[in-house]
Amino acid sequence: MTRSPVPPARARRWPLRAGLLFLLRLLLAIIILADELFRPFYRPLIDRLAALRLMRAFERWVGARSPFTILVLLAIPYLTVEPFKFIALIWIADGAVRTGTLALVLAYLISFVVVERIFTAGRPKLMTIAWMAWLIETATAVQRQLFAWLRIDLIKQETLRQLRRLRASLR
């Protein structure tokens with residue numbers, strides 16, 4: 001009787017694991033594309049807020065916390081803002097399009113600004129948590145692959161070139 005190199009129970013788990021990893025990568029790709037699409041709108045605001053003395057002090061404070069405290073600090077905006085996003089979608093579906101859209105945009109803006117600042121300040125310590133480091137590295141790898149596949153850098157350069165032409169023609 002020859003022995004299989006992988007025990008049968010483990011062999012059955014590989015397709016599930018591969019499927020879950022595919023779904024994770026797909027979800028990350030969608031999030032990354034959405035982030036890249038909306039980044040030009042919120043990036044100037046984030047840069048201005050990051051330059052504030054109060055925000056720099058907040059980032060230093062976050063950076064001095066333990067890795068798991070930083071993880072909790074990242075979870076807080078999700079636990080507060082994410083339900084609000086869902087409520088905003090309900091408002092839009094119920095016909096309160098302006099109110100719902102404004103609420104949705106504000107919720108995303110708060111989420112982007114707060115989460116980005118906490119993540120930026122706490123990333124070195126978050127990388128000391130093995131599963132978090134794996135998640136961050138996986139997201140970074142997906143982003144690189146997605147950018148290369150879609151040629152995001154070329155699209156950005158061409159978009160900026162077109163915007164400069166448009167501005168010049170409007171003057």
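How many aromatic pairs does the count come to? In this predicted model, the count comes to two aromatic pairs. One of them joins Phe58 and Trp61, whose ring centres lie 6.2 Å apart with 25° between the planes, and this pair is stacked, because planes under 30 degrees apart fall into that class. Both residues belong to helix H2, which covers residues 53-63, and they are separated by three residues, or about one turn of the helix. Phe58 is partly exposed, at a relative accessible area of 29%, and Trp61 is likewise partly exposed, at 41%.

The rings of Phe84 and Trp91 make up an edge-to-face pair, since their planes stand at 85° while their centres are 6.0 Å apart. Phe84 counts as partly exposed with a relative accessibility of 35%, and Trp91 is also partly exposed, with a relative accessible area of 33%. A further contact with an aromatic ring involves Lys85, which lies over the face of Tyr108 at 3.9 Å from the ring centre.

Helix H5, spanning residues 130-150, contains 21 residues and reaches 30 Å from its first C-alpha to its last, which is close to the 30 Å expected at 1.5 Å a residue. Buried positions in H5 include Met132, Ala133 and Ile136, together with Thr138, Val142, Leu146 and Phe147. After H5 comes Arg151, whose phi is positive, near 55°.

Pockets were also examined. The largest pocket holds about 1600 Å³ of space and is lined by 35 residues, among which Ile31, Asp35, Tyr78, Phe112 and Val115 lie nearest its centre. At least two residues of this lining are supplied by each of helix H1 (8-51), helix H3 (67-93), helix H4 (97-126) and H5, and the largest share, twelve residues, comes from H4. When the lining of the largest pocket is divided by class, 24 residues are nonpolar, five are polar and six are charged.

The second largest pocket contains about 380 Å³ of space. H1 and helix H6 (152-170) each contribute at least two residues to its lining, which includes Leu33, Glu36, Leu37, Arg39, Pro40 and Arg43, as well as Ile152, Ile155, Lys156, Thr159, Leu160 and Leu163. By class, the lining of the second largest pocket comprises seven nonpolar residues, one polar residue and four charged residues.

How values were computed:
Residues are numbered from 1 along each chain as its sequence is written. This is a predicted model: local features need pLDDT of at least 70, side-chain atom pairs count only at pLDDT 80 or more; totals for chains, interfaces and linings use all residues. Side-chain values use heavy atoms; hydrogens and water are left out. Rings of Phe, Tyr and Trp (its six-membered ring) pair if their centres lie within 6.5 Å; planes under 30 degrees apart count as stacked, over 60 as edge-to-face and the rest as tilted. Helices (H or I, at least four residues) and strands (E, at least two) are DSSP runs, numbered from the N terminus. Buried means under 20% relative accessible area, exposed over 50%, partly exposed in between (1.4 Å probe, protein chains only). A charge sits over a ring if NZ of Lys or CZ of Arg is within 6 Å of the ring centre and within 35 degrees of the ring normal. The expected span of a helix is 1.5 Å times one less than its number of residues. On a 1 Å grid over the protein atoms alone, a cavity is a set of points where a 1.4 Å probe fits but cannot get out, and a pocket is an open set with protein on both sides within 12 Å along at least five of seven lines; lining residues have an atom within 4 Å of a point. Grid points are joined across faces, edges and corners, and a volume is the space filled by probe spheres set on the points. Ala, Val, Leu, Ile, Met, Phe, Trp, Tyr, Cys and Pro count as nonpolar, Asp, Glu, Lys and Arg as charged, and the others, Gly among them, as polar.
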